[in-house]
Amino acid sequence: MPVIKLFTDEKPPAAAAAALASDIETLCTTVLNASSDAVQVVLQAGAAMLRGAPLLAEVHYRARADRDAAALARFMEGLDASCRRHLGLAPRIRCFAVDQATLYARN
């Protein structure tokens, strides 16, 4: 963890998607202090965006003291800039902290 899910109705070019994934991994490792092998990025192209922004980003991450409001603000600023640069879309971003005491995971 962190898990970043991006939902959009259009499929971006492969190069743009790869560059976006690389940017997101860098944001996770530098701003959220995650290990690169724990970062999961999902792009759900072809989603039926019936209402709202053309790009939705959901970010789930383990709650930790170093992932405070300032760190999340930096992360969201970077995510927004990267989505605009690589996809040409302004994302609606929602971040969800997961309490480690209630998180059960495998692999």
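Modeller: Let us begin with burial: a residue is buried under 20% relative accessible area, exposed over 50%, and partly exposed in between, using a 1.4 Å probe and protein chains only. This is a predicted model, in which local features need pLDDT of at least 70 and side-chain atom pairs count only at pLDDT 80 or more, while totals for chains, interfaces and linings use all residues. Residues are numbered from 1 along each chain as its sequence is written, and side-chain values use heavy atoms, with hydrogens and water left out.

Colleague: Is Thr8 buried or exposed?

Modeller: Thr8 is buried, at a relative accessible area of 1%. Thr8 belongs to strand β1; helices (H or I, at least four residues) and strands (E, at least two) are DSSP runs, numbered from the N terminus.

Colleague: Which residues is Thr8 in contact with, leaving aside its neighbours within four places in sequence?

Modeller: Contact means heavy atoms within 4.5 Å. On that basis Thr8 is in contact with Leu43, Gln44, Ala45, Gly46, Ala47, Met49, Pro54, Leu55 and Leu89, once neighbours within four places in sequence are left aside.

Colleague: Turning to α2, how many residues does this helix have?

Modeller: Helix α2 has 19 residues, 69-87, and spans 26 Å from its first C-alpha to its last, close to the expected 27 Å. The expected span is 1.5 Å times one less than the number of residues. Just after α2, Gly88 has a positive phi of about 70°.

Colleague: Which residues of α2 are buried, and what covers them?

Modeller: The buried residues are Ala71, Leu72, Phe75, Leu79, Asp80, Ser82, Cys83 and Leu87. Their cover includes β1 (3-8), α1 (14-30), β3 (55-62) and β4 (92-98).

Colleague: And Asp23, what is it in contact with?

Modeller: Asp23 lies in helix α1 and is partly exposed, at 22% relative accessibility. Leaving aside neighbours within four places in sequence, Asp23 is in contact with Ser82, Arg85 and His86. The C-alpha atoms of Asp23 and Leu79 are 7.9 Å apart, although 56 residues separate the two along the chain.

Colleague: How many disulfides are there?

Modeller: The count is zero, a disulfide being a pair of cysteine sulfur atoms within 2.5 Å.

Colleague: What is the phi of Asn33?

Modeller: Phi of Asn33 is near 55°, a positive value in a residue other than glycine. Asn33 sits in the loop between α1 and β2 (40-45) and is partly exposed, with a relative accessible area of 42%.

Colleague: Finally, which residues line the largest pocket?

Modeller: A pocket, on a 1 Å grid over the protein atoms alone, is an open set of points where a 1.4 Å probe fits, with protein on both sides within 12 Å along at least five of seven lines; lining residues have an atom within 4 Å of a point. The lining consists of Met1, Val3, Asp37, Ala38, Val39, Gln40, Arg62, Leu103, Ala105, Arg106 and Asn107.
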